[in-house]
Structure formats: C-alpha cells, structure tokens
Amino acid sequence: MLRALCAIIVLVSCVAPAALTELYLSDYYTYEGVMDYLDRLAKEYPTRVLVKDAGRTYERRMLKTVTITNGEWLPGKRMIFMDAALHAREWMTPMAALYAIHELVVNFEQNSDLLQNFNWIVLPLGNPDGYEFSRNSDRWWRNNRTPNGGECYGTNLNRNFDVAWGQGYAELADPCSESYAGSEAFSEAEARLVRDTMHELVDNGSGVMYLSLHTANRSIFYPWVHDSTPTSNHHEMQEIARYAAKKIYAKTSTVIKTKQAFYYGGVMGGTSVDYAFKVGFPLSFVFEMSGLAYGVEYKFFPPQTEIRRLAAESWVGIRALAEKAVEKYPPGRIIPRVPRVTASSKAPSSRAYNIQVGLLSTLLAYVAQHLVG
Ligand SMILES: [Zn+2]
C-alpha cells in the first residue's frame with residue numbers, strides 16, 4: 001500500500017509540470033483558456049516568465065501580456081514585441097502566439113538563441129471582446145465591441161493608431177463599418193495598450209522588432225502602409241521578410257508574399273505596423289499567416305484538425321524573423337531613434353485627402369478591405 005502511494009506521488013510529481021503547461025491544439029482556445037494558460041506558465045516558470053494584467057477592454061476582459069526571458073532579467077536587453085488577434089475573426093493568430101510562447105518557454109533549450117540577447121513581450125489576445133463575439137455570435141466579426149451609437153459597434157483596432165489616422169477610404173469614418181477607425185486616434189483601450197508597450201520599449205532603448213500576427217493573406221508586410229515612400233531601412237526589412245518566407249517555403253511549401261504594405265493595398269492609415277516604425281522600432285512586420293489546408297482556402301477559420309500544423313508553420317516564420325532581428329541588431333549596434341511626435345499626425349481633413357487620393361486608391365482600398373485580413 002505504502003509502495004503504491006509512493007509510486008503515485010512520484011508519478012504525479014513527474015507529470016504535473018508538463019500537464020500544467022501542455023498546449024492543446026485540438027481546438028481553438030477560449031478567452032478564459034488563453035488567460036488560464038498564461039497563468040499556468042507564469043506559475044510553472046517564475047524565473048523566466050512574467051504575466052502582466054495590463055489593461056481592461058470595454059467589456060472588462062483582461063489584456064494580458066507575457067514577458068519571456070532566459071532567466072537573466074538584465075536591464076537593457078533588447079526586445080521583440082509581438083501581438084495577435086487585433087482582428088477578432090483571425091482565430092489562428094492567438095493559437096500561433098501561444099505556440100510561439102510555448103516554444104520560447106517550455107521548449108527553451110531549442111530556442112535559447114532567441115533569448116540570449118533579447119527578451120520577448122507577447123500580447124496573445126489583443127481583442128478579447130471581439131474574439132469572444134466572433135466565437136459565439138458572429139464569426140466574421142472583425143472589430144472590438146465598443147458601442148458607436150445606434151446599432152453600431154466596434155472599432156477596427158488596426159486602423160486606430162495615430163499614424164495617418166483616418167486616411168485611405170471612406171469606410172474608415174463609418175461607425176457601422178468593419179473598417180471604422182474609431183472616434184479619434186487611440187480611442188480604444190486595446191490600441192492604447194499596444195501603443196504604451198511600444199513607447200515603453202522605445203523609451204528604454206530596448207525595442208527592436210514589432211510583429212503583428214494576422215490571417216490569412218499568406219504574406220509578410222512592412223511599412224509604410226500609408227505612404228508609398230520606402231522607409232530608410234527598406235532593404236533590411238525586405239531581406240528579413242524574404243528570409244522568413246524562404247524558410248516557410250522550404251519547410252511546408254507554403255508561398256508567402258513579401259512587400260511594402262502600401263504596394264498591396266494602397267493608402268491605409270492608422271495601422272500598428274506603421275506606428276511601431278514611426279515611434280522607433282527599426283523592424284516592424286505584419287505576418288499574415290496561412291489559412292490554407294491541402295489546397296482549400298479556409299481563410300480565418302481552418303478546421304480544428306489543421307490548428308497544430310498551421311501554428312507550427314507560423315512558428316517557422318516567427319522564428320526566422322526573430323533570428324534575423326537577433327543577427328542584425330546585436331548589443332553593440334546603435335538603434336537609430338526618431339524623436340517622437342506627440343501631436344496627432346492626421347490630415348486636417350481626411351475627407352479632402354480621400355478625394356485627392358482618387359480612383360486608383362479606391363480600387364486598391366477595395367482589395368485591402370476585402371482580401372487582406
Ligand atoms: Zn487582420
């Protein structure tokens with residue numbers, strides 16, 4: 001009896017830690033499931049993981065960030081900041097973020113090169129109100145759930161940032177549209193949290209790469225989105241994006257497009273990828289993951305049986321982008337910083353601007369609105 005009891009105790013002590021932080025990829029996580037997973041991880045790996053309850057949504061859900069290190073909480077280590085699910089219906093993105101977190105924490109040994117000179121901060125569920133609404137009520141829902149008056153709800157968080165805010169196409173100003181940019185730049189708590197995290201990392205000199213996960217365009221975009229002008233380090237971002245696309249193709253045969261975002265969708269103001277670059281992240285990317293399975297385009301809602309494969313594929317891309325960030329921004333390289341402009345950069349009249357942009361932009365905007373996640 002005593003021997004059996006001892007065996008049970010030994011067995012439990014061996015399997016419990018793994019079970020606590022096992023990542024289940026047989027179904028999409030709920031909001032509660034994501035929050036619970038992060039808490040378990042923090043409990044199991046307190047020396048390498050810090051989970052922060054960083055804000056509240058309109059419907060009072062938590063916005064949790066997780067900071068991941070190799071155990072050396074040294075000041076001045078460089079940072080990769082990744083968010084996911086700013087768009088509610090892009091169900092694979094929180095799964096991919098959790099997969100990345102799991103790789104960095106639970107599979108630390110295989111990925112310690114990504115944590116030698118860098119720490120990571122991840123916001124795996126950037127729009128929990130919209131995510132739950134998409135899961136439970138209207139799966140094509142894209143925005144958050146802030147009321148806009150009348151029967152209209154929600155702001156498109158990836159149009160709510162203070163960079164060319166409101167510029168691009170008419171629906172940005174329509175409170176009933178899934179492209180609504182908000183009542184003003186940073187009207188939304190979720191966008192403000194992403195902004196504040198960016199500012200903190202830039203102000204303490206650590207912010208190197210911002211990466212925003214979306215689906216399902218199979219592309220890696222970089223700034224600018226609101227302007228056709230190439231950035232000062234256009235070639236560097238182009239090289240990194242192409243490197244990640246090649247890695248994915250070599251592993252899974254999925255073709256990932258790489259491009260300055262403007263040349264895919266035309267003028268689009270208020271995006272997080274432009275804002276990160278504007279405030280001082282030298283590298284800023286949108287990774288639009290694949291929604292493709294065996295030739296079928298599932299777009300935002302791949303079947304549950306595909307979650308593991310697509311999350312693993314996304315990690316190939318995320319890892320490749322991070323490898324290059326680590327390689328190109330070693331501790332000795334000075335990060336060029338731009339003085340932050342605090343005044344709103346929106347045009348005096350976004351409507352007047354829309355008219356100037358003309359027909360071509362309207363066509364491109366249609367593409368952006370309907371094809372890009
Ligand atoms: Zn999206």
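**Overall picture**

Of the contacts in the protein chain with a separation of 6 or more, 77% are between residues 24 or more positions apart. Please keep in mind that this is a predicted model. The chain has 11 helices and 9 strands. It runs to 373 residues, and 49% of them count as buried.

**Two helix pairs**

Let me start with α6 and α9. Helix α6 covers residues 189–203 and helix α9 covers residues 272–279; their axes are 10 Å apart, at an angle of about 25°. Angles under 35 degrees count as roughly parallel, so α6 is roughly parallel to α9. The crossing of these two helices, α6 and α9, is right-handed.

Which residues of α6 and α9 meet? From α6 there are V194, R195, M198, H199 and V202. On the α9 side they meet S272, Y275, A276 and V279. Sorted by class, this contact of α6 with α9 has 6 nonpolar residues, 2 polar and 1 charged.

The other pair is α3, residues 92–105, and α10, residues 307–328. Here the angle between the helices is about 65° and the axes of α3 and α10 are 9 Å apart. The crossing of α3 and α10 is also right-handed. Helix α3 contributes M92, M95, A96, Y99, A100 and E103 to the contact. Helix α10 contributes I307, L310, A311, A312, S314, W315 and I318. By class, the contact of α3 with α10 comes to 11 nonpolar residues, 1 polar and 1 charged.

Now to single residues. Where does UniProt place the feature "active site"? The record puts it at E288, and the entry is unreviewed. In the model, E288 lies in strand β7, which spans residues 283–290. Is E288 buried or exposed? E288 counts as buried, because it has 24 C-beta neighbours inside 10 Å, and the cut-off for buried is 20 or more.

The other glutamate is E72, found in the loop between β2, at 62–68, and β3, at 78–84. E72 has 11 C-beta neighbours inside 10 Å, so it counts as exposed; the cut-off there is 12 or fewer. One distance goes with E72: its C-alpha atom is separated by 9.3 Å from that of N119, and these two residues are 47 residues apart along the chain.

That is what I have for today.

Definitions and conventions
Residues numbered from 1 in each chain as written. Predicted model: local features only at pLDDT ≥ 70, side-chain atom pairs only at ≥ 80, totals over all residues. Axes fitted to C-alpha atoms, helices over the stretch in contact; angles between N-to-C directions. Helix = DSSP H or I, 4+ residues; strand = E, 2+ residues; numbered from the N terminus. Parallel < 35°, antiparallel > 145°, perpendicular 65-115°, else oblique. Left-handed = near helix turned anticlockwise from the far one by under 90°. Contact = placed C-beta atoms within 7 Å. Nonpolar A, V, L, I, M, F, W, Y, C, P; charged D, E, K, R; others polar. UniProt positions renumbered as here; feature names shortened; annotations may be inferred.
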